[in-house]
Amino acid sequence: KQWYQRRVAITAGIPLVAEHLKDWKRMLKWEEDSIFTPQCDVRVEEDGFFVQYVNQEMEGNIIEIAQIVDVRIGKVPKEPKTVESLKHAGEESEPLEQKCFQIITAESFTQQQTYNFMAFSAKQCKMFCDDLFALCHHFINCNLSVMDTIRKMHKRILCSSKEDNFVSIKDIIKITAKDEKKKVNEALRQAGLKSQDKKEHLPKDKFSFEAFYKFYKEMLGNRPELEKVFNEIKGNRRNYLTLEQTVDFLNNYQRDPRLNEILFPHHNKDGTKKLIQAYETDKAKQRIGQLTLDGFTNLLMSPDNLATNIQMLGIYQPMDQPLSHYFINSSHNTYLTGHQFSGKSSVEIYRQVLLSGCRCIELDCWDGEDNEPNITHGFTLCSSVLFKEVIYAINDTAFKTSPYPVILSFENHCTSRQQQQMADYCINIFGDLLLKEPLDEPKWALKAGCMLPTPDSLKYKILVKNKKRKEDLPDHQDNEEKKEDGEMEPNPLSGTGIYLDGVEPPTENKKEKSTDCDSALIPLL
């Protein structure tokens, strides 16, 4: 309870898990390669570490929330028989697309796993998906302390148990140290969780977090590096730190001396006493402000001792400066899932990159068949994906994790005809999200001497960054004269770094030349 209260305090009093997520909800689970759609009960456990789902045979499974990257509404099965069986469940008058959703987990950008569910109503589906997605990307869940990680391990064991009242020792061994069976059994005995008999189960009511933490410390054994630091601070006369020694440790050992003293004031006695009361295990020591080795260890593993400042994990900087004043989280060759010579291109990778917080992504555009532009790495063996599909993926995920502008960096090798197709897709798919005209403010006019717009003024806007046509550049005429005199060096293919004499991007026909960009398509920053 005390640890949970600390987490709630850090989140400004807002509970981490919405109350309705904790309640079991009846849903259907479906797979693409099966027409079987079993009922299951789904919920988020109270600490917000796992999604639990249990089928009718009471077989439980968990999805780790830290690995969930997206929750998507609208995906329905391809198999007609599966669709037909789902249509007759829940509110039949509501479209199936509004009741079906996917939970996407990923260990990396290229390794995803999908869990398909159907809620019994569109309202239930939207509420569950919106709050689950917010929980997955909450800064607390993405920056757990050591103690919360231990608590998560304890919760994993409880949620993985197939018994209502017992925990399997096999599960404990599998989750904690599967190659150290003897060591785990001995630590369980030392922690008082297991007697000398050969029982393979523990009662759940005895397997509390306090008991598990004791077992965890038995598994690790003594921490000589912590004892050394503790002994150096306390001296030889006592077995605890005084309040003054704890304040000195926090200010002179743990605090970064480069921090501004007004924004990040030094620890004082009152604040330090609250920390001791939160993490010291001896109640008598708590009252008089003394910290034992156990309390010292708890403090170092707590949310109050994270390497990162929790209060600065969200947006805390002013976002009203010109765009050029910021470092922008950017991606190069975004479409590639492998290396740059024969790697595979992917539409999904655009979703993953945007969900991770990237705000500038690259699209290498080339002419494709049937007037459909492709995205690929030119003059290599890399596969290609359709430009249109990438634009749809960007539209779906651009602003799910951040409201700030997304910049599409076009490396444009297309002919004018296919550039027009690109522009049509951007305008029709993005709609009002696309910045098609300069902002009204005179101070942000697109001319010399004016600053770029601010991130705040460009919220929920998609910007296209692309070169202008050569004939629109001021030095185009000078270049043409140099070309006639034979002084021009071979032009680089835009962004590829390859210099070739006499090589131009492919054209539709001899009369239609490729340009770096048709400036009439979309006004650019």
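**Helix α7**

I checked the length of helix α7 (residues 209-220) first: at 1.5 Å a residue its twelve residues should span 16 Å, and the end C-alpha atoms are 16 Å apart, which agrees. I keep in mind that this is a predicted model. Next I looked up which residues of α7 are buried, and I got Phe209, Ala211, Phe212, Tyr213, Phe215, Tyr216 and Met219. Just past the end of α7 I found Gly221 with a positive phi of about 75°.

**Aromatic pairs**

I then went through the rings, and the count came to 14 aromatic pairs. I picked Phe101 and Phe117 to look at: their ring centres are 5.6 Å apart and their planes make 20°, which is under the 30 degrees needed, so I put the pair down as stacked. Which strands do Phe101 and Phe117 lie in? Phe101 is in β6 (residues 100-108) and Phe117 is in β7 (residues 111-118), so the pair ties together parts that are 16 residues apart in sequence.

Buried or exposed, I asked of Phe101? Phe101 is buried, with a relative accessible area of 0%, and Phe117 is buried too, also with a value of 0%. I also noted that these two belong to one aromatic cluster, made up of Tyr53, Phe101, Tyr115, Phe117 and Phe128.

While on Phe117 I looked for charges over its ring and found the charged end of Lys29 there, 5.8 Å from the ring centre. Another case is Lys400, whose charged end sits over the ring of Phe133, 4.6 Å from its centre.

**The five-stranded sheet**

I traced an open sheet of five strands, and the order I wrote down is β12-β11-β10-β13-β14, with mixed pairing. Which strands stand at the edges? They are β12 (385-386) and β14 (462-465); each has a single partner strand, so one side of each is left without a neighbour in the sheet.

Helix α13 (residues 348-355) packs on this sheet, and I see it touching β10, β11 (374-375) and β13. The direction of α13 makes about 160° with that of β10.

For β10 (residues 360-366) and β13 (residues 406-412) I get six bridges, with the two strands running parallel. Across that pairing, Glu362 stands opposite Ser409 of β13. On to the next neighbour: β13 and β14 also pair in the parallel sense, over four bridges, and there Val406 stands opposite Ile462 of β14.

How many residues of β13 are buried? I get seven of its seven, so to speak a mostly covered strand.

**Glu200**

Last, I looked up Glu200, which lies in the loop between α6 (181-190) and β9 (201-203). Its relative accessibility is 38%, so I count Glu200 as partly exposed. What does Glu200 touch, leaving out residues up to four places away in sequence? I find Val167, Ser168, Ile169 and Lys170. I checked the distance to Lys170 as well: Glu200 and Lys170 are 30 residues apart in sequence, and their C-alpha atoms are 7.2 Å apart in space.

Definitions and conventions. Residues are numbered from 1 along each chain as its sequence is written. This is a predicted model: local features need pLDDT of at least 70, side-chain atom pairs count only at pLDDT 80 or more; totals for chains, interfaces and linings use all residues. Side-chain values use heavy atoms; hydrogens and water are left out. Rings of Phe, Tyr and Trp (its six-membered ring) pair if their centres lie within 6.5 Å; planes under 30 degrees apart count as stacked, over 60 as edge-to-face and the rest as tilted. Buried means under 20% relative accessible area, exposed over 50%, partly exposed in between (1.4 Å probe, protein chains only). A charge sits over a ring if NZ of Lys or CZ of Arg is within 6 Å of the ring centre and within 35 degrees of the ring normal. Two strands pair if DSSP finds at least two bridges between them. Contact means heavy atoms within 4.5 Å. Axes are lines fitted to C-alpha atoms, for helices over the stretch in contact, and angles run from 0 to 180 degrees between N-to-C directions. The expected span of a helix is 1.5 Å times one less than its number of residues.
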